Each structure stands twice: as structure tokens, then as C-alpha cells.
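Please keep the sequence and the 3D view at hand while reading.

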Amino acid sequence: MSKEIIVSGIRPTGNLHLGNYLGAVQNFVKMQYEHNCYFFIADYHSLTTHPNPQDLHQNVRQVLVEYLACGLNPDACTLYVQSDLPQIPELYMLLNMHAYMGELERVASFKEKARTQPNNINAGLLTYPVLMAADIIIHKATKVPVGKDQEQHLEMARTFGNRFNRMYGKDIFPEPYAFNFGKELVKIPGLQGGGKMSKSDGDNNVINLIDSPELIRKKMSRAVTDTGPSEPNTAPSAPVQNLFDLMKIVSTEDKLTFYQQAYANCNIRYGDFKKDLAEDMVTFLTPVREKIADIQSNNELLKKVAKIGKEKAAESADKTLAECREAIGFRGF
Ligand code: AMP
């Protein structure tokens, strides 16, 4: 397998939950040993919503702590804070000169924001896809791990890179495409009986990596079930199926089979089922939680990681920018 150049942004939005870990971070941890990976904490992107400085700093720090605790290895990948790289806004500005109002106004995420937050439609929001393109193409990325909702942004990164190449008659930027993990994307269900684990359905819907055993037990005891199977061998309702799916991840096969059979025989006791699942959840997450606590207080480590990341990322970004500046005609004397 040939090595890809992979770039992925991590949003600094508070604590990671089990869905983030199993659906995304675990893949990053694997990828870092197989490809040339750049992972950055997207703090410039946060500015469109005007966060307060203390929250912003705290969130960036927490994301760094949790990704390290999950296994991102700064020796294997390039892990950096986006705002440590002034090269990114420089490329963003250069790309903006060839980004058209019409195409930016047509972007689905902009239209959605313009609808939901009509009092804060700033230029940063409009040019968000240009900043995203700069993030990606500054390292000449070939692959980007993105969800369906990001496909349009990725297409724009190709458009802006190609346009720059064409404009200046150079071949600086390769085309970045979606990275495929090779199997169907996992969907970790939430605890409230609905779809996926997500904070948008409240904190009781998610198990955060930092949740204490007591909190995990409390959340699990409140997890939504149903009134119980009315006939033998019927398919579980959606909320109960969600709990079986979670059990598949954190428990042994024997235990899963035991409760599936109890369900099929109509003698499942949801209280025991959820208690048992909670204990396995606690066991599964304890090593990560302990690592988070370890790293949390290690300011020296965080400083060192950010510094190494910044240096490695700047080296790659400087190379690309030098080519762009030369192509444009910023040549010095
Ligand atoms: P978010 O911050 O909610 O956009 O999540 C960041 C990433 O975590 C997403 O791109 C998904 O790949 C992953 N993720 C979030 N929630 C889940 C979930 N319930 N199941 C699987 N993956 C998830």
C-alpha cells in the first residue's frame, strides 16, 4: 500500500465521547502508523462563533490531552494546533483571491448557518471552505477522512487547488479525496433510544471518556429501554437494540449471548442487563480515563508536543508556501 498524505482537523468542542473514540479517534491511531498524517486542532475555525478566550484555550488543551490519551503519537504523526501556523491564513488569503462569491454562497453549510444564525453571518463563515481548503492543501494532502456532510468542502478544496495550479501554470497541489477506512463506518448508538451517540441529544445520551465510574453507572441506569418483550423470539425495539450494540463493543460474547437469549425467552431483567453493561463500560474506559488524568496535569508534555507538532507542520507548510509565492511572483530581489 502506498503512503498517503492525510490531513484531518479536530474540532475543539469539549470532551470526547465513546462515539468519537470508536468512530474516529481509533482510526486515526491506526492510520498514523500507515500513512503520513497531519492532525490539527482547528481553533481558527472556532472563531466564526466568537468563543470567549478562556473557553477556547481550555477546549484546545482538553482536545490535545484526550487525543494523546487515546493513543495519538506525536512521534508517528504530526499533531499541531492550527493557530500555531500563520502559514495557513497566508495560503487562505491567497486562495481567497480566486474564490468567487457565488460558489461560496451556494455551499450547503453556509446556507444552513445563514438560516440558523442570521445575526452572525460574517465573512469568516462565508469563506470557511477556503480556510478548510488551505488546511488540507498546505500539506499537499492526497486523502482526508471525512463524513458525508464534508464531501462538498472536500470538492471545494480540489477546486481551489486546481484553480491555483491552472492560474499560475504550475502543478503544486494534488487533488485530495475522501479517505476510506475499508469497511462500513461504525455508528455508536446513544443511550436515549434514538440514533447515534451525540451530545446534541444531551449529556445523558453520551458516555464521555472522562466520565467517572459513578457517572457511567448513573447514565446507564437511566438508559432508555422498553416495557419488555411480549412474545418469545421477537426482534428488540430500537432502544434495546442500541444497548445490545453497545454490549457488543465492551462486553464478552458469552455475556451478550446470555442477555440476547434472556430477551428471546422473555425473561430479561433490564436492571441487571444495564448494570452489567455499565460495569463493562467502566472497565473498558478506565485505562483511557486514567491516561487523561495523567496527561491533564503534565503541562511540560503538552508544551513539548505542541512545539514538536508546530515545527513539523511548519516545515511542510513553508515548502508549499514558498512554491506558491514563487508562482505568484513574490520573488524578492
Ligand atoms: P463530532 O464532533 O460529533 O462531529 O464527531 C467527530 C467525529 O467522531 C465524527 O466525524 C465521527 O466520525 C465520529 N463520531 C461522532 N459520533 C459518533 C457515533 N455516535 N458513532 C460513530 N462515530 C461517531
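## The ligand and its surroundings

In this report, Ala, Val, Leu, Ile, Met, Phe, Trp, Tyr, Cys and Pro count as nonpolar, Asp, Glu, Lys and Arg as charged, and the others, Gly among them, as polar. By this scheme, the shell around the ligand is made up of four nonpolar, four polar and three charged residues. A residue is near a molecule if one of its heavy atoms lies within 4 Å of it. The residues around the ligand are Arg11, His17, Gly19, Asn20, Gly23, Ala24, Val186, Lys187, Ile188, Lys196 and Met197.

A polar contact is a pair of N or O atoms within 3.5 Å; within protein, one must be able to donate a hydrogen and the other to accept it, and residues adjacent in sequence count only if both atoms are side-chain atoms. Asparagine 20 places a polar side-chain atom 3.0 Å from an oxygen atom of the ligand.

## Basis of the description

This is a predicted model, in which local features need pLDDT of at least 70 and side-chain atom pairs count only at pLDDT 80 or more, while totals for chains, interfaces and linings use all residues. Residues are numbered from 1 along each chain as its sequence is written, and side-chain values use heavy atoms, with hydrogens and water left out.

## The chain and its core

The protein chain has 14 helices and five strands; helices (H or I, at least four residues) and strands (E, at least two) are DSSP runs, numbered from the N terminus. Along its principal axes, the C-alpha trace spans about 80 × 45 × 45 Å. Of the 333 residues, 47% count as buried, where buried means under 20% relative accessible area, exposed over 50%, and partly exposed in between (1.4 Å probe, protein chains only).

A nonpolar core is a set of buried Ala, Val, Leu, Ile, Met, Phe, Trp, Tyr and Cys residues joined through side-chain atoms within 4.5 Å. The largest one has 59 residues, and among these Met220 and Leu246 touch the most other members. Helix α13 (residues 270-296) gives the largest share, 10 residues. This core lies between domain 1 (5-186 + 298-328) and domain 2 (199-293), because both give residues to it; the domain bounds come from an automatic or database domain assignment.

## Buried and exposed places

Helix α8 (residues 128-137) is largely enclosed by the rest of the structure, because nine of its 10 residues are buried. Asparagine 165, in helix α9 (residues 151-168), is buried at 9% relative accessibility. A polar atom of its side chain lies 2.9 Å from the backbone oxygen of phenylalanine 173.

Is asparagine 233 buried or exposed? Asparagine 233 is exposed, with a relative accessible area of 64%, and lies in the loop between α10 (213-221) and α11 (238-250). Its phi is near 60°, a positive value in a residue other than glycine.
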